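Please report on the pocket and the surface of this model.

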Amino acid sequence: MVLSDRSIREALASGRLIVDPVGENAVQPASLDIRLDRHFRVFRNHRQAYIDIREEIPELTEAESIADDEPFVLHPGEFVLGSTVERVELADDLVARVEGKSSLGRLGLLVHATAGFVDPGWKGHLTMELSNVATLPIRLYYGMKIGQLSFQNLTTAAERPYGHPELKSRYQGQTLPTASRIYRDYQPPQSR
């Protein structure tokens, strides 16, 4: 079941859910608002002919930051990584879903492509997958409400929550938007 505002406040008070800092009026009827940080990873498309998921490509993206009152302009068709102001920690029996704000979605801003699920045991700032599917550029600002988290209780606590050594969790503890580490999963096929 999805946690209500009362249950979200109880989870925050008990420490099962840590969101730091919690924004003003962030707790909604069945979600918690999250805000955009000033740090981005911008794709350097003109320097790569393709993306090979088997290889680390550190030059694929570059870090960019904005000042408090400076806009970050997301152009039509552009995809960048951003992160949340909030550091989030989930108990071993709690999961979260990242969702966009409907008012921003109505402008053509998508906040995640596929990474909308936050595992139990997660600790860190969330990386947002920001896309502009509109026909005009969209100005984004530090501290703006960018999305929301909804929460669900698991039937039991996870035996191996995110960050468990056996899972080789790639993004635990991240503080900035983090580029893909899918290359760490590549295993060449075994010949028969």
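## Pocket and surface

The lining of the largest pocket divides into 19 nonpolar, six polar and eight charged residues. Here Ala, Val, Leu, Ile, Met, Phe, Trp, Tyr, Cys and Pro count as nonpolar, Asp, Glu, Lys and Arg as charged, and the others, Gly among them, as polar.

This is a predicted model: local features need pLDDT of at least 70, side-chain atom pairs count only at pLDDT 80 or more, and totals for chains, interfaces and linings use all residues. Residues are numbered from 1 along each chain as its sequence is written, and side-chain values use heavy atoms, without hydrogens and water.

The largest pocket has a volume of about 900 Å³. Its lining counts 33 residues, with Y171, T178, A179, S180 and R181 nearest the centre. A pocket is an open set of points on a 1 Å grid over the protein atoms alone, where a 1.4 Å probe fits, with protein on both sides within 12 Å along at least five of seven lines; lining residues have an atom within 4 Å of a point. Strand 9 gives the largest share of the lining, three residues. Strands are DSSP runs of E, at least two residues, and helices runs of H or I, at least four, numbered from the N terminus.

| Residue | Place | Relative accessible area |

R9 and L32 are 23 residues apart in sequence and 9.7 Å apart in space, C-alpha to C-alpha.

How values were computed: Grid points are joined across faces, edges and corners, and a volume is the space filled by probe spheres set on the points.
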